[in-house]
Amino acid sequence: MERPALLARARGMRFRRAVDGLVREIPAGRVVTYGQIAALLGCPRAARAVGHAMKRCPPGVPWHRVVNARGAISLRANVGSMVTQRILLQQEGVPVRGGRMALSRHRWDGPRGSRRLRLAALDRL
């Protein structure tokens, strides 16, 4: 493998570990969006990269607490995981209606002491 490819892979692994670490901090009964995770990590345009990282999250990471920007469970090929996500969220007290939840009520603002990136798009949700 060439050196630039090795560096890119190492950066990707660090990003995935950062995503996993942040998702582990989300308390039960709260949700965050892919874009919100990206913004909290200082990469506000990396929502898709967060999605890719979530595909490979290790056991113990509460992946079900991450939803799309509309507060909905994202569509995926494995429909069973969408049902699982809905059940896990409902068990934590997050009501899911029509595949969506109220972000205004259940959104997590991030870890204490973190500098929250102010994005107008987040305020409109």
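A residue counts as buried when its relative accessible area is under 20%. Keep that cut-off in mind as we look around this predicted model.

Let's start with His-64, which sits in the loop between H3 and strand S2 (66-67). Is His-64 buried or exposed? Its relative accessible area is 7%, and that falls under the 20% cut-off, so His-64 is buried. Which residues does it touch, leaving aside neighbours within four places in sequence? His-64 is in contact with Gln-85, Leu-88, Leu-89 and Glu-92.

Now for helix H3, which covers residues 47-55. Its buried residues are Val-50, Ala-53 and Met-54. Viewed down the axis of H3, these fall within an arc of 100°, so they line one face of the helix. On the face turned away from that buried side you'll find the exposed residues Arg-48 and Lys-55. A handy rule here: an α-helix has 3.6 residues a turn, so residues three or four places apart point the same way.

Next, the nonpolar cores. Here is how they line up:

| Core | Number of residues | Some of its residues |
|---|---|---|
| Largest nonpolar core | 17 residues | including Val-19, Val-50 and Val-66 |
| Second, separate core | 9 residues | including Val-67, Ile-73, Leu-89 and Val-94 |

In the largest core, the residues with the most contacts inside it are Val-19, Val-23, Ile-37, Val-50, Met-54 and Val-66. Helix H1 (3-24), helix H2 (34-40) and H3 each supply at least two residues of this core, and the largest share, 4 residues, comes from H1.

Val-50 is worth a click: not counting residues up to four places away in sequence, Val-50 touches Phe-15, Val-19, Tyr-34, Ile-37 and Ala-38.

Terms used
Residues are numbered from 1 along each chain as its sequence is written. This is a predicted model: local features need pLDDT of at least 70, side-chain atom pairs count only at pLDDT 80 or more; totals for chains, interfaces and linings use all residues. Side-chain values use heavy atoms; hydrogens and water are left out. Buried means under 20% relative accessible area, exposed over 50%, partly exposed in between (1.4 Å probe, protein chains only). The arc is that of the directions from the helix axis to the C-beta atoms. Contact means heavy atoms within 4.5 Å. A nonpolar core is a set of buried Ala, Val, Leu, Ile, Met, Phe, Trp, Tyr and Cys residues joined through side-chain atoms within 4.5 Å.
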